[in-house]
Structures are given as C-alpha cells and as structure tokens.
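Have a look at the sequence and the coordinates, and then read on.

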Amino acid sequence: MTNQERHIITSVWNDMTLRKKLDDDPYSLSQDELISLQNNDRLNSTMEHLLKDALIKKALVKSRN
C-alpha cells in the first residue's frame, strides 16, 4: 500500500487510533500520521459545509412552495 492510499483510507475512515494517539502523546506521531489526520479534518469540514448547503437549498425550495 502506498502512502497516498494509506492517507486516503485514514481520511475516509477517521482513524480513531490516531486521534487517541494525538491526545495521549502527540509528539509520537509520524509526519504521515499527522498528514492523515489533517486530511481527515479537511474532509470532515468539506462534508459539513456541503451538508449545510444542501439543507439550506432544501429549506429554500420548501419555503417557495
């Protein structure tokens, strides 16, 4: 498995082991692990914004009817 594939898997699955490791001993994380967590944070933020946009659009459509 390549590093890029590992980052993608961690980003999608939100690796809670890394989150716990970050809380317990942040200096023990490797650069790859930190990048994976950063990618996961970006993905979660993007998903949250998309969900909010979809809910706003749905509310606007319902208010016009």
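**Ground rules**

This is a predicted model, in which local features need pLDDT of at least 70 and side-chain atom pairs count only at pLDDT 80 or more, while totals for chains, interfaces and linings use all residues. Numbering starts from 1 along each chain as its sequence is written, and side-chain values use heavy atoms, with hydrogens and water left out.

**Overall build**

The protein chain has 3 helices and 0 strands, and its elements run α-α-α from the N terminus on. Helices here are DSSP runs (H or I, at least four residues; strands are E, at least two), numbered from the N terminus. Confidence is given as pLDDT, the predictor's own score for each residue from 0 to 100. The chain averages 88 on that scale, and 98% of the residues score at least 70.

How does the radius of gyration of the protein chain relate to that of a compact globule of 65 residues? Such a globule would have a value near 11 Å, but the protein chain has 17 Å. The radius is taken over C-alpha atoms, and the globule rule is 2.2 Å times the number of residues to the power 0.38. Along its principal axes the C-alpha trace spans about 55 × 25 × 15 Å. Of the 65 residues, 14% count as buried. Buried means under 20% relative accessible area, exposed means over 50%, and partly exposed is in between (1.4 Å probe, protein chains only).

Thr17 lies in helix H2 and is exposed, at 58% relative accessible area. The C-alpha atoms of Asn40 and Leu18, 22 residues apart along the chain, are separated by 11 Å.

**Salt bridges**

A salt bridge here is a side-chain nitrogen of Lys or Arg within 4 Å of a carboxyl oxygen of Asp or Glu. By this rule the count comes to 4. The table includes some of them.

| Pair | N to O distance |
|---|---|
| Asp41 and Arg19 | 2.6 Å |
| Lys20 and Asp24 | 3.1 Å |
| Lys21 and Glu33 | 3.2 Å |

Two of these pairs link helices. Lys21 forms its salt bridge with Glu33; Lys21 lies in helix H2 and Glu33 in helix H3, so the pair ties together parts that are 12 residues apart in sequence. Lys21 itself is partly exposed, at 29% relative accessible area.

The side chains of Asp41 and Arg19 also meet in a salt bridge. Here Asp41 lies in helix H3 and Arg19 in helix H2, so parts that are 22 residues apart in sequence are tied together. Asp41 is partly exposed, with a relative accessible area of 40%.

Lys20 and Asp24 are 4 residues apart in helix H2, a separation of about one helical turn. Lys20 is exposed at 52%, and Asp24 counts as exposed at 53%.

Is Arg19 buried or exposed? Arg19 is buried, with a relative accessible area of 18%, and its place is in helix H2, residues 16–24. Besides the salt bridge with Asp41, the Arg19 side chain has a polar contact of 2.9 Å with that of Asn40. A polar contact is a pair of N or O atoms within 3.5 Å; within protein, one must be able to donate a hydrogen and the other to accept it, and residues adjacent in sequence count only if both atoms are side-chain atoms. Asn40 is found in helix H3 and counts as buried at 1% relative accessibility.

**A nonpolar surface patch**

Which residues make the nonpolar surface patch of about 800 Å²? Met1, Ile8, Ile9, Val12, Trp13, Leu43 and Met47 do. Helix H1 (3–13) and helix H3 (31–64) are the elements that give two or more residues to the patch, and the largest share, 4 residues, comes from H1. Patches are made of residues with over 30% relative accessible area and no salt bridge; like charges are joined within 9 Å, and nonpolar side chains (Val, Leu, Ile, Met, Phe, Trp, Tyr) within 5 Å. Accessible areas come from the Shrake-Rupley method with a 1.4 Å probe, and for residues only the protein chains shown count as cover. Ile8, found in helix H1, is partly exposed, at 47%.
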